[in-house]
Amino acid sequence: MKTNVKSYSSPEIEVRYDVARCIHAAECVKGLRPVFDPDRKPWIDPTQADAERIASVIERCPSGALKYVFKDGRRTETAQTACRVTVAVDGPLYARGELKVLAPDGRVLLEDTRMALCRCGQSANKPLCDGSHEKTGFKDPARVPPPSQAMAPSPRGGPVVIRLRQDGPYLFQGGFTLAGAGGEAYQVSGVALCRCGHSANKPYCDGSHKRVGFKSD
């Protein structure tokens, strides 16, 4: 995965911005424009607001591109107790909670509390979304069908491990809430979610990655 982190500081707080992870969800701009102003250079100026307010807005960033560090060490961002994965209309999987992404060989690729996972299969920064769904015209209404019995519910809480299958889906291990655009939400565990963009049963994997020759690297 690519990374390109830039830092911006005030006496109270350091804001870190990973250009490679930004998909321009604009939660920061909508939440605190004096600090996050895309028409200004540099576009982030943490001297323009209270540090606690800046941290609160940063935690809205769904991709995890924005992070913060309080210089007095007063606190750091902590994962929400229950993990939630939200399927975005024509877009990625937004995951929040205590998350760990593992490569097919078991290596830890990323541990974070917020991330946007590619769902169209076209990202150049897999498994993270890079906005390619907009360029390629990926379409999906983000409705989540009821899970099958094989996706038995399990208690929420604790870490969720996201294993990447080579040239295949995401395998989510650990209990979490899977939510769709229609307000539907299901408690699931041990579920395989599509990342090639071709499943006829989105967001679940139906094996289409084999038919279309999806390559995960």
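This is a predicted model: local features need pLDDT of at least 70, side-chain atom pairs count only at pLDDT 80 or more; totals for chains, interfaces and linings use all residues.

Mentor: Let us begin where helix α2 starts: there, a side-chain oxygen of Asp50 comes to within 3.0 Å of the backbone nitrogen of Glu52.

Helix α2 covers residues 51–58, and its buried residues are Ala51, Ile54, Ala55, Val57 and Ile58. Viewed down the axis of α2, these buried residues fall within an arc of 165 degrees, so they line one face of the helix. The cover over them includes strands β2 (13–18), β3 (66–70) and β6 (108–117), together with helix α1 (27–31).

We may now turn to the nonpolar cores. The largest has 27 residues, of which Met115, Ile162, Phe172, Phe176 and Leu178 touch the most other members. Elements giving two or more residues to this core include β6, β7 (160–164) and β8 (170–173), while β5 gives the most, with 4 residues. Apart from it lies another core, of 23 residues; Ile58 is among its members, as are Tyr8, Ile13 and Cys61. Ile58 is also one of the buried residues of α2. In soluble globular proteins, nonpolar side chains tend to be buried together.

As for the whole, the protein has 4 helices and 11 strands, and 47% of its 217 residues count as buried. For 217 residues, a compact globule would have a radius of gyration near 17 Å, and the 18 Å of this protein agrees with that. The C-alpha trace spans about 50 × 35 × 35 Å along its principal axes.

Conventions. Residues are numbered from 1 along each chain as its sequence is written. Side-chain values use heavy atoms; hydrogens and water are left out. Buried means under 20% relative accessible area, exposed over 50%, partly exposed in between (1.4 Å probe, protein chains only). The arc is that of the directions from the helix axis to the C-beta atoms. Contact means heavy atoms within 4.5 Å. A polar contact is a pair of N or O atoms within 3.5 Å; within protein, one must be able to donate a hydrogen and the other to accept it, and residues adjacent in sequence count only if both atoms are side-chain atoms. A nonpolar core is a set of buried Ala, Val, Leu, Ile, Met, Phe, Trp, Tyr and Cys residues joined through side-chain atoms within 4.5 Å. The radius of gyration is taken over C-alpha atoms; the globule rule is 2.2 Å times the number of residues to the power 0.38.
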